[in-house]
Amino acid sequence: LKSLLKDPTLLATDGYVGGKWIKGEGGTFPVTNPARGDVIAEVADLSRAQVAGAIAQAEQAQKDWAGWTGKERAAVLRRWFDLMMENAEDLGTILTAEQGKPLAEAVGEIAYGASFIEFFGEQAKRVYGETIPGHQRDKRIMVLKQPIGVAASITPWNFPNAMITRKAGPALAAGCSFVARPAAETPLSALVLGVLAERAGIPAGVFNVVPSSRASEIGKEFCENPAVRKLTFTGSTEVGRILLRQAADQVMKCSMELGGNAPFIVFDDADLDAAVEGAMMCKFRNNGQTCVCANRIYVQAGVYDAFAAKLKAAVDKLNVGDGLAEGVTTGPLINRDAVDKVQEHLADVTAKGGAILTGGLPHDLGGTFFQPTIVTGVTQEMKVATEETFGPLAPLFRFDDVDEVIAMANDTIFGLAAYFYAKDLSRVYKVAEMLEYGIVGVNTGIISTELGPFGGIKQSGLGREGSHHGIEDYLEMKYVCLSV
Ligand code: ADP
């Protein structure tokens, strides 16, 4: 991997704690390239005690960091952003090597991830409080916004860069310090952020990365250590529930970006070519491994066959392979479990009367490569209707009218992203209102940007990331009542 980098010193494998690079008390754990199955790095396996040490360093560092002006914090965050962009290709290469997504997509993620550092750096200057007219003649009411304190994050492997920056950006901008525990599959993309944080001049202890194979122990430390004031998690709803329960003892503030089960609805007045393009990006980006990927594609009866045919033509053009190779659009799945899940959902669809339109098999490349797949004749009784597949399986459901599809779309515990394609203005407005989701894409399959508030309702989560709202998750409001 080093030989592929313009700057090989970006590849770090030790933990980054208190501005120092430390070995793991638990030895190391291997990081594999999912496209080839080979070990590309051995990364420091930090113990729970070492993570407690990192929290202590972060607590110490936060006191001074909170005293910096917003403008000063903005300046170092800007340098951090610039360094990410200057090294985007190397960061993308590291990301593809450990995660599998095609290089162009990985470099795109770096730009997306960096945008949160840029945006929230700018917001650091705009953490405005408030004055409120007093309730008595001698009273003045002020509202201060102050950093919560130490924020700890647990993040998944599907966006190894952006899931960290979109938490660290607002946290650092607000004046919090940060301890990041990256997914064990993808620690290198987190550690390189440490390398660049150091180069950018972010003070020692303000941004820490604690790689560890012991996810549940680290989760407990984050929840039980009284110095941690904020837990921010992206991952499954199942693990989110565990963390919320653990965090309850300290009444810890939590942000949760959890699972989704996104409906993607194509109405009969939709521009079908645009809908196919949107579905391709929404379903097959990152090989279906995003929490906002279309999981259920509902197509109105009048355009069902035409949409299916157009989607098939687009899917058959996907080029599956090693993400580092030229022209590849679709990488491997992250691991064997991910392949098993796709196959389980596929078998359930076919057992219950659905049909495979294209794909349906492990790819000839072997390993965790899987053919991009479309199934038709899918119904609400099938597993794909209620569970997130997180893979390259596009299930096409048929529907007749608006009320029916809204009922089906909302029939889930999840409420992260939903998409629909339609032209009729009143339908567009009503459907956008009726969908019980935190994010709704209308005539677009891509909704992610640092400028919008990303987050779910129902069991998809708590809090919002991105936009001016995102920094609120890292701020406390203090009401000061002044008698004059
Ligand atoms: P995914 O399907 O994306 O892997 P998970 O919710 O399983 O979703 O994992 C998201 C992150 O949470 C990963 O970094 C994982 O290591 C971590 N994790 C899993 N179980 C726990 C736990 N009990 N406590 C803390 N972190 C956990």
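## The shell around the ligand

Which element gives the most to the shell around the ligand? In this predicted model, that element is α7, with three residues. The ligand is surrounded by Ile154, Thr155, Pro156, Ala183, Ala184, Ala215, Ser216, Gly219, Gly235, Ser236, Val239 and Ile242. Two elements give two or more residues to this shell: α7 (215–224) and α8 (237–248).

## The protein as a whole

The protein contains 14 helices and 22 strands, and its C-alpha trace spans about 70 × 65 × 40 Å along the principal axes. A compact globule of 484 residues would have a radius of gyration near 23 Å, and the protein agrees because its own value is 23 Å.

Buried residues account for 54% of the 484 residues. Of the contacts between residues at least 6 apart in sequence, 71% join residues at least 24 apart.

According to UniProt, in an unreviewed entry, residues 21–480 carry the feature "domain: Aldehyde dehydrogenase". That span is 39% helix and 22% strand, and its end C-alpha atoms lie 41 Å apart.

The record, again an unreviewed entry, also places an "active site" feature at Glu257. Glu257 belongs to strand β11 (residues 253–257). Is Glu257 buried or exposed? It is buried, because 28 other C-beta atoms lie within 10 Å, and the cut-off for buried is 20 or more. Leaving aside neighbours within four places in sequence, Glu257 is in contact with Thr234, Gly455, Gly456, Gly461 and Glu465.

## Helix α5, a check on geometry

Helix α5 covers residues 162–174 and makes a handy test of helix length. At 1.5 Å a residue, its 13 residues should span 18 Å, so the 18 Å between its end C-alpha atoms agrees with expectation.

How many of the residues of α5 are buried? The count is 13 of 13, and the helix is mostly covered.

## Two residues with positive phi

Most residues other than glycine have a negative phi. Against that background, Asn286 deserves a look: its phi is positive, about 55°, although it is not a glycine. Asn286 sits in the loop between α9 (272–284) and β13 (294–300). This residue counts as buried because 21 other C-beta atoms lie within 10 Å.

Phe390 is another non-glycine residue with a positive phi, near 55°. Where is Phe390 found? It is in the loop between α12 (383–386) and β16 (393–399). Phe390 is buried, since 25 other C-beta atoms lie within 10 Å.

To finish, have a look at Leu425, which lies in helix α14 (residues 425–434). Why is Leu425 classed as exposed? It has 8 other C-beta atoms within 10 Å, and a residue is exposed if that number is 12 or fewer.

Leu425 can also be placed relative to Glu277: the two are 148 residues apart in sequence and 21 Å apart in space, C-alpha to C-alpha.

Technical notes: Residues numbered from 1 in each chain as written. Predicted model: local features only at pLDDT ≥ 70, side-chain atom pairs only at ≥ 80, totals over all residues. Helix = DSSP H or I, 4+ residues; strand = E, 2+ residues; numbered from the N terminus. Near = placed C-beta within 6 Å. Expected span 1.5 Å × (residues − 1). Rg over C-alpha atoms; globule rule 2.2 N^0.38 Å. Contact = placed C-beta atoms within 7 Å. UniProt positions renumbered as here; feature names shortened; annotations may be inferred.
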